[in-house]
Amino acid sequence: MTPLTDQIRRRIAAEGPITLAEYMRICLLDPAHGYYATRDPFGAAGDFVTAPEISQMFGELIGLALAQSWLDQGSPSPFTLAEAGPGRGTLMADILRATRVVPGFHAAMRIVLIEASPKLRNAQAEKLADYTPAWTDKIDDLPRRPLWFVANEFFDALPIRQFHRHGDGWAEVMVALDDPGLRLALAAPLPLPELAHRLPDTRDGDIVELCPAARPVAATIGQRIATYGGAALLIDYGGWRSLGDTFQALTAHEPVDPLAAPGLADLTAHVDFEPIALAAAPAVASGLTPQGAFLERLGIAARAEALARRLSGTARDSHLAAYRRLTLPEEMGTLFQILALTPPGASPVPGMNDPRPSAP
Ligand code: SAH
């Protein structure tokens, strides 16, 4: 039981069961007791480890891919360099270090960080003390000018709703009162226009998820990029379309019951890239590209070797282990996927697959 268990129980007692999305929003972002609002969850001592925290090579190669895309579009100045959910600021710091060698890039960039957690904003300010980022928690605040955008493990933290198929209707998974804690319960099935497109590819009893908050974020980024130029790299675990229950809670690197300790565990769900790609139109969506393939095409093997030459002993071993962890299919190489957005007619972002052929 946590302070949020009581708070959520009181709310359900007064208003009835809440959606998983509302539950996730409270657990992650409640200003007093929310997970991101109160802690730094990253790294070996925390609850999970993300790619930028594994090796500097991740951010360096992403930085160079973004800078190449900026050069390919004629080096517009000024432009926004934005990251959503920057965590400790490590990815942005590595992007900035790698792009120092790109003539004009730093002079033209205006850094914007989209971050809801005051605690993590402080960590980012410290890490990026040599720069002058601006912060916002509203994607709509992104300036109306060219935008190069990155997000790693941001969309997986956005609240999802979950539905079980019953005939041609959908029963929503709700969080309800238990004695003494919380439990999952199914609402009565209803027809749902937002899920009409899933009737042909699902059967009775199948579970699908919707992430309502992802759509406006994707729409704003896509609108800025299609109108003013730029590119986005959206990196997350997931696939084109969800099927099945992907809602999960992690504490100290282990899966736990998502309802057991609200506010103390990280809550995520796999990211569905199809609705993101659709919402970002008229920006052009690349084909979904596995993280391992993307990093290999950008030359991570050569970079890993160059760094290894300067290391010895356990430092060298852990550097090479980090390279494998980022790229191998059985590690993060295929679990994590990347979607790029570019303006119609612009060069693709280096390392990314071509757009999916459109449906006939
Ligand atoms: N990109 C980082 C951190 C990923 S964790 C990394 O790869 O290490 C998710 C990040 O998104 C955290 O910084 C969290 O505070 C932020 N976040 C979660 N929900 C958010 C929201 N609705 N608006 C803005 N930031 C959010």
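Biologist: Which residues lie nearest the centre of the second largest pocket?

Modeller: This is a predicted model, where local features need pLDDT of at least 70 and side-chain atom pairs count only at 80 or more, while totals for chains, interfaces and linings use all residues. Numbering runs from 1 along each chain as its sequence is written, and side-chain values use heavy atoms, without hydrogens or water. A pocket is an open set of 1 Å grid points where a 1.4 Å probe fits, with protein on both sides within 12 Å along at least five of seven lines; lining residues have an atom within 4 Å of a point. Here 15 residues line it, and those nearest its centre are F48, V49, E153, L250 and F336.

Biologist: Which element gives the largest share of the lining of the largest pocket?

Modeller: That lining has 34 residues, with G85, E115, F154, A157 and L158 nearest the centre. Elements giving two or more residues are α2 (20-29), α4 (51-54), α6 (90-99) and α9 (214-228). The largest share is three residues, from α2.

Biologist: How many residues of α5 are buried?

Modeller: Helix α5 covers residues 56-72, and its end C-alpha atoms sit 24 Å apart, agreeing with the 24 Å its 17 residues should span at 1.5 Å a residue. The buried ones (under 20% relative accessible area) include M57, F58, W70 and E60. Of the 17 residues, the buried count is twelve.

Biologist: Is Q124 buried or exposed?

Modeller: Q124 sits in helix α8, residues 118-127. Because its relative accessible area is 0%, Q124 is buried.

Technical notes: Helix = DSSP H or I, 4+ residues; strand = E, 2+ residues; numbered from the N terminus. Buried < 20%, exposed > 50% of the residue type's maximum accessible area, 1.4 Å probe, protein only. Expected span 1.5 Å × (residues − 1).
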